[in-house]
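Let me put the model up on the screen and walk you through some aromatic rings.

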Amino acid sequence: MKKGHIKMKTIGFIGTGVMGASIVGHLMDAGYEVNVYNRTKHKAEPLINRGAVWKDTPEEIAASSELIFTMVGFPEDVEEVYYGENGIFDGIRPDTIVVDLTTSKPSIAQKIYETAKQKDAASLDAPVSGGDLGAKNGTVTTMVGGDESVFEEVKSIFMIFSGTLELQGPAGSGQHTKMANQIMIAGTMTGLTELLVYADAAGLNKEKVLKTVGGGSAANWSLQNYGPRILKEDYSAGFFVKHFIKDLKIALEEADRMGIELPATKKAKALYDQLKDDGHGDEGTQALIRLWWKDAE
């Protein structure tokens, strides 16, 4: 066991997609027994072949796990996994801790928190940032909302797959922090895209431009990680366009609720909506360049 982990727990993990599968791998590498469930079982088969234990429903995960992570696509998926037929709250046992890693609505995080308390369990909302590379490398940024005592109990397990970890406040605060994160990424992705469009039109060497501006005050994660992918015409999803649109929609809804205007974020969402309408919703967010480079394949 590394990084000073707490006593051994049986961990349940629901959602073995692009990021979830890597996180499960890190938990298994750290010596934890992991029960897994995914809507499409074949996506979990590599983990099952490594020793993860398949369960047929979220309810079965809850009945056999002391700590449960969920990482699904959309807020409605979170609701279904926790509250639907054969959901987590149908099988949860007292003293279980549930942790939602999905980027979802703060209101859902607060609802899960209250339901868990009613069942003598506990919950944290803990959305992550870092995409497929962060998950693969075990260096995601994890933003947590919930009770400090619960956070401290599982902090060392978070550190198995996190590079940066912080408790942001009460239930829902992790989701609010992730919205702030996505607002920032919306700006860096549009900036990266327009930087490359401009450099291309000016006849510059785009690789040299990325290297140069990445060494100065324009440096950012999107430029470093997605710039090279764009130049290779690699639009595979480290983070899906359709999921980014979902995140920006939540951010803008929360902004409206709080009475604030986010015009740049609205424009970024409109651009990504256009990209999805063009048929690229299942590609990575770096595919935004396709709106300018129409012949990109």
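So, Phe13, Phe69, Phe151, Phe158 and Phe161 make up one aromatic cluster. Rings of Phe, Tyr and Trp (its six-membered ring) pair here if their centres lie within 6.5 Å; planes under 30 degrees apart are stacked, over 60 edge-to-face, and the rest tilted. By that rule, we get 11 aromatic pairs.

Quick caveat: this is a predicted model, where local features need pLDDT of at least 70, side-chain atom pairs count only at pLDDT 80 or more, and totals for chains, interfaces and linings use all residues. Residues are numbered from 1 along each chain as its sequence is written, and side-chain values use heavy atoms, with hydrogens and water left out.

Back to the rings. Phenylalanine 13 and phenylalanine 69 have ring centres 5.9 Å apart and planes at 35°, so that pair is tilted. Phenylalanine 13 sits in strand 1 (residues 10-14) and phenylalanine 69 in strand 4 (residues 67-70), 56 residues apart. Helices (H or I, at least four residues) and strands (E, at least two) are DSSP runs, by the way, numbered from the N terminus.

Are these two buried or exposed? Phenylalanine 13 is buried, at 0% relative accessible area, and phenylalanine 69 counts as buried at 1%. Buried means under 20%, exposed over 50%, partly exposed in between, with a 1.4 Å probe and protein chains only.

Phenylalanine 69 also pairs with phenylalanine 161, edge-to-face, 5.8 Å centre to centre and 85° between the planes. Phenylalanine 161 is in the loop between helix 8 (148-158) and strand 9 (162-169), so this pair ties together parts 92 residues apart in sequence. And phenylalanine 161 is buried, too.
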